[in-house]
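Open the structure in your viewer and keep the selection tool at hand.

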Amino acid sequence: MLKFQRSTVEDRRVAASIERRRQIEEERKPRIFNPRFRRIGIDKEFLDRQVEEKKQQIEEERAKESQLDENLIRGSKIALQLEKEQEEERRRINKETEAFRQLHQRREDRRDYDLYDPNLLKTSLPCRVGDDDPRLGLGAAQKFEGEDYNFREKQRQQQDEMRWWVEKQKKEREDAEKERKDAERAFQKAVISRDKRSVELENLERECRRRLNEATASFNRALAEEQEYRRLCEAAQDEEDKKAEIYNHVTGDFLTEAPEQAESTRGPSKPLATRYKGMTADQLKVFRDQQAQQMEEIQKMKLEEKRMNEEWDRLMNAHAQTAEAFQRELERKKTEHNKKIAEENLRLAERQKSHQEYLNRVVYKNKQYPEFFEQFNKGTR
């Protein structure tokens with residue numbers, strides 16, 4: 001069984017409005033298509049009626065908007081009032097909870113508060129205050145003869161200084177590596193953006209070259225500073241070694257003659273300085289062995305320095321070759337990009353030419369006939 005939807009008041013109102021506009025259109029056609037009325041004057045009565053209808057419609061819309069605004073403001077005020085009441089209630093509950101905690105749940109009132117007291121280490125004394133601590137007895141095992149009480153503090157300071165130097169060198173290397181990676185990342189971006197216009201490629205290439213030169217210069221400066229610092233340290237060490245060698249020669253055993261005269265009652269290792277005349281053959285041998293060992297160490301240091309300089313030279317040559325290869329790769333990419341742009345322009349020109357020929361031959365081949373223009377001017381609108 002067919003079920004038809006019943007027409008509502010809104011449907012009837014819309015149908016009446018459509019029928020009214022259709023009647024108005026039919027009444028207007030004789031006036032519009034009549035040359036006598038169209039040339040002499042206009043339909044002022046109909047225009048006035050349209051103006052009145054437009055004003056009435058505007059007034060109705062303004063009244064609806066005003067009512068909607070009032071309802072919105074009223075709802076907003078109610079929502080704000082409810083939110084304010086909820087906030088006040090929440091603040092009151094939090095205040096009462098905090099007051100109860102402060103009054104009945106203090107940390108100091110707990111049985112095991114002394115186990116996790118944060119100020120326990122601050123208020124209690126350490127096991128040893130100093131060398132003169134009266135609490136240290138014979139069985140305390142906290143103080144020994146010849147012990148340096150500040151040994152750990154000095155050792156910690158030395159470790160902190162060493163750690164600071166290592167971190168500084170590590171940071172310098174990381175900065176150099178970061179600059180190198182930034183340069184490589186800029187190069188990758190330049191390769192990825194090869195589809196852009198030629199002017200953008202040239203600007204990006206110039207920026208990459210500048211950053212690469214800055215990174216190389218910064219790395220070279222860091223290497224030069226490190227090499228200069230090493231050279232100064234070695235020069236200072238060499239100067240100290242020379243002074244120590246001169247002092248050893250002046251106060252050494254080879255300038256004395258009779259070691260027996262310098263014997264002292266304090267032991268063989270503590271001779272009299274005013275009577276000491278020379279060293280024995282064994283002492284001279286030990287001295288010469290130490291000199292030979294020092295000469296070997298100096299020779300090893302020179303060889304190590306020479307090897308480090310050669311390593312630096314090879315590294316600088318490798319950087320120069322890398323920069324040159326990077327420049328050649330940029331030139332090649334630029335040439336290939338320009339070639340691809342030229343080929344793409346040729347393909348676009350051929351495609352546009354064929355499209356224009358298709359429009360001239362197929363799309364615009366038919367002419368317009370009078371029947372096409374007779375379909376217009378059939379209504380008053």
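A contact here means heavy atoms within 4.5 Å. Among contacts in the chain between residues at least 6 apart in sequence, 49% join residues at least 24 apart. The model is a predicted one, in which local features need pLDDT of at least 70 and side-chain atom pairs count only at pLDDT 80 or more, while totals for chains, interfaces and linings use all residues. Residues are numbered from 1 along each chain as its sequence is written, and side-chain values use heavy atoms, with hydrogens and water left out.

Start with the whole chain, coloured by secondary structure. It has 8 helices and 0 strands (DSSP runs, H or I of at least four residues for helices and E of at least two for strands, numbered from the N terminus). Of its 381 residues, 9% count as buried; buried means under 20% relative accessible area, exposed over 50%, and partly exposed in between, with a 1.4 Å probe and protein chains only.

Next, select Trp164, Trp165 and Tyr229, which ring pairs link into a cluster. Rings of Phe, Tyr and Trp (its six-membered ring) pair if their centres lie within 6.5 Å; planes under 30 degrees apart count as stacked, over 60 as edge-to-face and the rest as tilted. Trp164 and Trp165 are edge-to-face, at 5.1 Å centre to centre and 75° between the planes. Trp165 and Tyr229 are stacked, with 6.0 Å between centres and 25° between planes. Trp165 lies in helix α5 and Tyr229 in helix α6, so this pair ties together parts that are 64 residues apart in sequence. Tyr229 is partly exposed, at 48% relative accessible area.

Now select Glu172, Ala176, Phe219, Ala222 and Leu223. Of the 28 residues that line the largest pocket, these lie nearest its centre. A pocket is an open set of points on a 1 Å grid over the protein atoms alone, where a 1.4 Å probe fits, with protein on both sides within 12 Å along at least five of seven lines; lining residues have an atom within 4 Å of a point. Which helix gives the largest share of this lining? That is α5, with 12 residues.

Finally, move to the second largest pocket, which holds about 480 Å³ of space. Select Arg20, Arg21, Glu53, Lys54 and Gln57, the closest to its centre of the 16 lining residues. Helices α1 (9-33) and α3 (44-104) each give two or more residues to this lining, and the largest share, 10 residues, comes from α3.

Technical notes:
Points joined across faces, edges and corners; volume = space filled by probe spheres on them.
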